[in-house]
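Me: I have a model open and want to go through its side-chain contacts. Let us take them one by one.

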Amino acid sequence: MEIRFLGGAREVGRSAILVNDALLLDFGMLTANPPQFPLETPAPEAVVVSHGHLDHVGTIPTLLSGDGRPPIHWTPPTAELARTLARDTLKLHGGSYNCPFTEPDLKRVTQVSETHGYREPFEAAGHEITFYNAGHIPGSAHVLVDDGETRLLYTGDFHIDAASSEANRHADPVVGQRLVEGTTARPDADIVLCESTYSDVDHEPRATVEERFVESVETTLWDGGTVVVPAFAIGRTQELMLVCAAHDIPCYVDGMGTQVTEMLRQYPAYVRDGEAFRRAISHARFVTGRDGQRKRIVDQKAVIITTSGMLSGGPAMTYIPEIRRNPANKITMTGYQVEGTPGRDLLETGSAEIDGRVMPVSAQVEQYDFSAHADRDGILEFLASYRDSSVLINHGDRCGAFAEELRGDGFDASAPELGDVVSV
Ligand SMILES: [Zn+2]
C-alpha cells in the first residue's frame with residue numbers, strides 16, 4: 001500500500017490522504033487568511049470522508065470541477081454537514097480565492113454522494129472500506145481501508161469516553177460527550193494513521209468541566225445577568241443544548257447551529273441518546289433574528305448559545321456589543337481559540353475586535369474545555385490496541401515529537417511530512 005500525504009501532515013487543517021493513487025481520504029481546508037488547500041492530486045477514482053468538519057471536507061466540491069465524477073462515500077450526517085459547510089463557504093467567499101469551487105460543483109456533490117452506516121463494508125476504488133463510530137461528532141467515522149494485502153485504519157478525529165470509575169463519583173455520570181458516544185471499535189489493522197490534536201494535553205474530566213460550567217452560568221442568571229456562549233455550529237452547539245436541558249437552564253440557540261441541529265434531528269441513530277436530544281431540542285428556543293428579536297433576548301437573563309465559536313462572525317457579533325458593558329453579564333468560550341481570532345484576543349487581553357471595532361469588555365469572560373478530541377491519555381488508550389501495527393501520526397502541532405515519544409514506548413511510529421509517500 002502507498003499512502004501519500006496531501007495535507008494534515010504535521011499540521012491541523014486541510015486533511016487529505018491519497019491511498020494507492022486511487023482512493024482519496026478526506027479533502028479539507030485550512031482556515032486561515034488566506035485559507036490553505038491540499039496539495040495537487042491526480043484525479044482520484046473514489047473519495048471517502050471521515051467526518052463533516054471544514055478541515056476534512058471543506059475542499060471536496062473542487063474534485064467535481066473538471067470531468068471527473070468520483071463517487072464520494074460518507075455517513076448520512078457527514079454528507080449533509082459537508083453540503084451545509086460548502087453552501088456557507090460559497091455564501092461568505094463565493095467568487096474569491098477563499099472559495100475554490102462554484103455552485104455547479106456543489107450541485108454535483110449530491111449526484112455522486114453514496115452514504116453508508118457504521119460497520120457496513122462497501123467497495124471504493126478497488127478497496128474494501130468499513131466505517132466505525134469515532135465518537136467525535138455525529139456521523140464521524142474511523143475509516144478501515146483494505147486493499148487485499150494491507151489494512152489501514154485512518155482514525156479521523158476521535159473522542160473516547162472516560163473509564164466509568166472516574167465518572168461514577170458523580171450522581172449523574174458524564175463519561176464523555178452527551179451528544180455522541182466515544183469510540184469503542186478497535187478493528188485489526190497493519191497501519192494506523194492517528195490524529196494527535198491533543199497529544200500533550202490532559203483534559204479535565206468532562207463531568208468536572210460540566211459542573212463548573214453549570215455553576216458559573218446559574219450564578220450569573222441568579223444575579224440577573226445574561227450569558228453569551230459562543231459555540232461551533234457542528235457538535236458544540238448541540239452538546240451545550242444537551243447540557244442546558246440536563247440542568248434545566250433556559251437557553252436560546254442562534255446562528256448556523258440552529259440549521260445543523262434541525263438536520264441532526266433526522267438522524268437520531270447517530271447521537272448517543274436520541275430521546276435526550278429530542279428533549280434538548282424542545283427545551284431550547286431557536287432565534288430567527290427577525291424584528292429585533294436579538295436585542296430583546298439580551299435583556300431576558302438567559303443563556304444564548306450562538307456562532308461563531310471564536311467570535312469571528314455570526315450573531316455573536318450582535319450579542320457581544322449588547323452585553324459587554326455590564327460586569328453582571330458573562331461570556332463563556334467553549335472551544336479552542338485559534339491565535340489571532342477575536343475569541344483568543346478577548347481571553348488574553350479583555351478586549352476584542354468586533355465588526356472592525358476594538359471593544360473593551362467589562363462582562364466576565366471564562367473558558368471551558370468541551371473538547372470533542374481524545375486527550376493524551378485517550379490517544380494512548382486507543383493506540384494500546386495497536387502495539388503490533390505501524391503507527392503514523394498526523395493532524396497535530398507536534399506530530400514529530402509525539403511519534404518520537406511513541407517510539408520510546410516501543411511503538412513503530414513516525415510522523416510523515418507534507419508531500420511524503422509512505423510505502424508499506
Ligand atoms: Zn473534526
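Me: Which residue forms a salt bridge with D161?

Reply: This is a predicted model, where local features need pLDDT of at least 70, side-chain atom pairs count only at pLDDT 80 or more, and totals for chains, interfaces and linings use all residues. Residues are numbered from 1 along each chain as its sequence is written, and side-chain values use heavy atoms, with hydrogens and water left out. A salt bridge is a side-chain nitrogen of Lys or Arg within 4 Å of a carboxyl oxygen of Asp or Glu. For D161 the closest N and O atoms are 3.0 Å apart, and the partner is R272.

Me: How many residues apart in sequence are D161 and R272?

Reply: D161 lies in the loop between β10 and α4. R272 lies in the loop between α7 (256-264) and α8 (274-283). Helices (H or I, at least four residues) and strands (E, at least two) are DSSP runs, numbered from the N terminus. So the pair ties together parts whose separation in sequence is 111 residues.

Me: Is D161 buried or exposed?

Reply: Buried means under 20% relative accessible area, exposed over 50%, and partly exposed in between (1.4 Å probe, protein chains only). The relative accessible area of D161 is 19%, so D161 is buried.

Me: Which helix holds E239, the salt-bridge partner of R206?

Reply: The closest N and O atoms of R206 and E239 are 3.2 Å apart. R206 is in helix α5 (residues 206-222), 33 residues from E239. At 1% relative accessibility, E239 is buried. Its helix is α6 (residues 236-246).

Me: Which residues coordinate the zinc ion?

Reply: Donors are N, O and S atoms within 2.8 Å of the metal (3.2 Å for Na, K and Ca); water is not among the atoms, so sites may look incomplete. Here the donors lie at 2.2 to 2.4 Å. They are H51 (NE2), H53 (ND1), H136 (NE2) and D157 (OD).

Me: What is the arrangement of the four donor atoms around the zinc ion?

Reply: Four donors count as tetrahedral if all angles lie between 85 and 135 degrees; four count as square planar and six as octahedral if opposite donors are over 155 degrees apart and all others between 65 and 115; anything else is irregular. The angles here are 88 to 168°, which makes the arrangement irregular.
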